[in-house]
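Trainee: Before I trust the labels on this one, could we go through how each gets assigned? Show me the structure first.

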Amino acid sequence: MKRHYTILMALMGLEIGGAETHVVELSKQLHKEGHRIIVASNGGVYEKELAQCGIRHYHVPMNERNPKNLIRSYGLLRQIIAQEKVDIVHSHARIPSFLCGMLHRKMKFPFVTSAHWVFYTGMGLKYLSNWGQKTVAVSEDIKQYLMDNYGVKAHDIFVTINGIDTEKFSPAVTGQAQKEELGIQEGDEVLVYVSRMDEDRALVARQLIALTPALVQQIPRLRLVIVGGGNVFDALAAQAKQINEQLGRDVILMTGARTDINGLVALGKAFVGVSRAALEAMAAQKPVIIAGNEGYIGLFGQEKLALAQENNFCCRSCPPSSPDRLLSDVVRVMRDLSDQEREALGRYGREVIIRYYSVEKMAADCEKAYDAAWKATHLPEQKVLISGYYGFENCGDDAILLSMSRNIWAMEENVRLKAMVNQPRISRKKYDMDVVNRYNIFSVLHAIGQCDVLISGGGSLLQDKTSARSILYYLSVIRYAKWRGKKVMLYANGIGPVKKAINRARVREVANRADLITLREESSLRELCDMGMTNRHAFVTADPVFTMEAASPQTAMQILQRNGVPEGKRLCVSVRGVKGNDGFLDALAAICDGAVKQMGLSVVFIPMQLPHDVVASRIVQQRMQQPSYLIEEPLRPEETMGLIGQMDLVMSMRLHTLIFSARQHVPFVGISADPKIDYYLRDLDMPSVGSMQHCDPDHALREMKHLLSHRQEKAEQLVEQAKKLEKKAHENETYLKELFGRQDG
């Protein structure tokens, strides 16, 4: 059931600005959804809008680092939080976060902050920044900035968007009142620019003003409407006046700070700006040139979506804005494009806003942060230690741990996770959690002693195919945890093969002592029962990777382009070590050649474990007659899954490549290198093309042709099956939650 909170929004002020507008829209939406919202700031033009919605505002002078004001603000905030019985404090700038952070230590309220921008970290200011228990970042690059510069953990950061009110900013808005006010005439070609007119925000405004004479030569009826106020407004207005006098008419219209942005945006044939202003113009269905102090993206279209989303339409890390680029794009959109082309750009921009940037989504993202902060404050902490095959550059195992950890953190519990890993320094950053060196016996024993629950898994840990030492290691960890009185869960395990009788007896003994067992396939439950397991707390769920989200198609396409993979139909090939099996290697090469010649597929080798699969892939490539492609760069599991989503067909010897394929609804053929692959091929009704002992290229190519000819039907089949397995995979957390509540250890 959804919780409703009393939320205090603390920010510096309520004058015109992207962050300020963000807070106002967020507050209004949360209020609409049943939360009680209170705002504290130094005040400004948006106070009236909040009051009209029934949102109370307190004047607190948090707009400057004046010691007197800081002391006064501290006292006022303390009084507001106590009197209003605030459930959540959400601060939106460095000064409010610093003050609320000090109060949080005393008053113990759930504390959330927002990162709207990147801050200067010099002169000790880095150490005055407080990012709360949970942080909301308005873009992925700001999330990375928080992790790199402040050590904020990824699972404590909730990425959101600048939510836009698509009714307020709509093509239905005419801007008639603003047109009459500014003297805009029929036939005028209006270009609108909106930004704060401060020294560190006004670069593009300066460039547009300076370019006006050149623009008028190519767009004679140009009217340039520049909206916003700030510390360089007077200087820019004086420059604009001089150019207007030079041109003999008022081409440049400087409005100053305004709250009727939607009406002013409506005037434009096109728009120039960044961040929230650009998104608002897109919602109004205007063609948008994205340009600002941070850089230049240019005229927005489908091909620029991934880049723009990556930096939240702020142009960070993009080439700088230049007069030549700006002139070229303005002339193109205002003069050279047809009305139909401009309308198409506007429609696409609005579609992007409706799909990705609604105020409802922004509010929902923040509610997740509020719930997480509330849990961290009010629920007892559960310390969970995870034992598994982690830190070995295996994409499948990385995907398991990342999926497990994200699902566990998303539970209605306050959980602290720690994992036993190889390469602790690298793994700590990769998995974004506390880690312990799995080979340091004293560290492992100490970590087990400190935990409440030991999770063993996921994956195929209890098997003796690779070595006897592996199974003894995992069983010993479980035995010690039980000896210390800890709860133990085998999490989404795949059991076997276990060949030796003594190892089967050991697995039976440990399985019977486990507090909870979840298994990723029915065959694993049968195997445990065949060993003599009688544990009543054993359930079949699914691999947690069935819950993982892939990287965006745009990100995947960028990876393919970087590696020279052409457009068109593609076959993903995923192989593992096959040393010494020349017949199988020749058969694999023949299948790949046939896929190129007979089906017109580009063969793309995607390694799942570095460097082993790279070596195996190169061996197959060397035996091929046709060209092929190898993705050698290290990828995150989400990126690998996203890549597979860009394939038309997959052939794999590795289980998690097949799971990635099923999750992305891409039909696949398997090579029977392990019983678990055979199980999933049967369960998902996909064909095997043989084994390492017997692989017939002609049979394989027939199966692949059949899949391609029925691709749509097979993809739709995978959609339904993947949904069922995703639901089953989430049962792992349901059972774990029950284990947290059990009194027996």
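**Labels and their cut-offs**

Mentor: Start with E199, which counts as exposed at 51% relative accessibility. Keep in mind that this is a predicted model, where local features need pLDDT of at least 70, side-chain atom pairs count only at pLDDT 80 or more, and totals for chains, interfaces and linings use all residues. Residues are numbered from 1 along each chain as its sequence is written, and side-chain values use heavy atoms, with hydrogens and water left out.

Trainee: Why is E199 called exposed?

Mentor: Exposed means over 50% relative accessible area, buried means under 20%, and partly exposed is in between (1.4 Å probe, protein chains only). E199 has 51%, so exposed it is. R206 has 30%, so that one is partly exposed.

Trainee: How do you know that R206 and E199 form a salt bridge?

Mentor: The rule asks for a side-chain nitrogen of Lys or Arg within 4 Å of a carboxyl oxygen of Asp or Glu. Here the N to O distance is 3.4 Å, so the pair qualifies. By this rule the count comes to 47 salt bridges.

Trainee: And what makes D339 and R342 a salt bridge?

Mentor: Their N to O distance is 2.5 Å, so they pass the 4 Å rule. Both sit in helix α13 (residues 339-356), three residues apart, about one turn of the helix. Helices (H or I, at least four residues) and strands (E, at least two) are DSSP runs, numbered from the N terminus. R342 is buried at 9%, while D339 is partly exposed at 47%.

Trainee: Which parts does the bridge between E413 and K737 tie together?

Mentor: The side chains of E413 and K737 meet at 3.9 Å, N to O. E413 lies in the loop between α15 (395-409) and β15 (414-421) and K737 in helix α28 (residues 711-741), so the pair ties together parts 324 residues apart in sequence. E413 is buried, with 16%, and K737 is partly exposed, with 37%.

Trainee: Is K28 buried or exposed?

Mentor: Its relative accessibility is 16%, under the 20% limit, so K28 is buried. K28 belongs to helix α1 and touches E49, C53 and I55, leaving aside residues up to four places away in sequence; contact means heavy atoms within 4.5 Å. E25, K28, E49 and K168 are linked in a network of salt bridges.

Trainee: Last one: how do you know that β5 and β6 pair?

Mentor: Two strands pair if DSSP finds at least two bridges between them. Strands β5 (residues 111-115) and β6 (residues 134-137) have four, in the parallel sense, so they pass.
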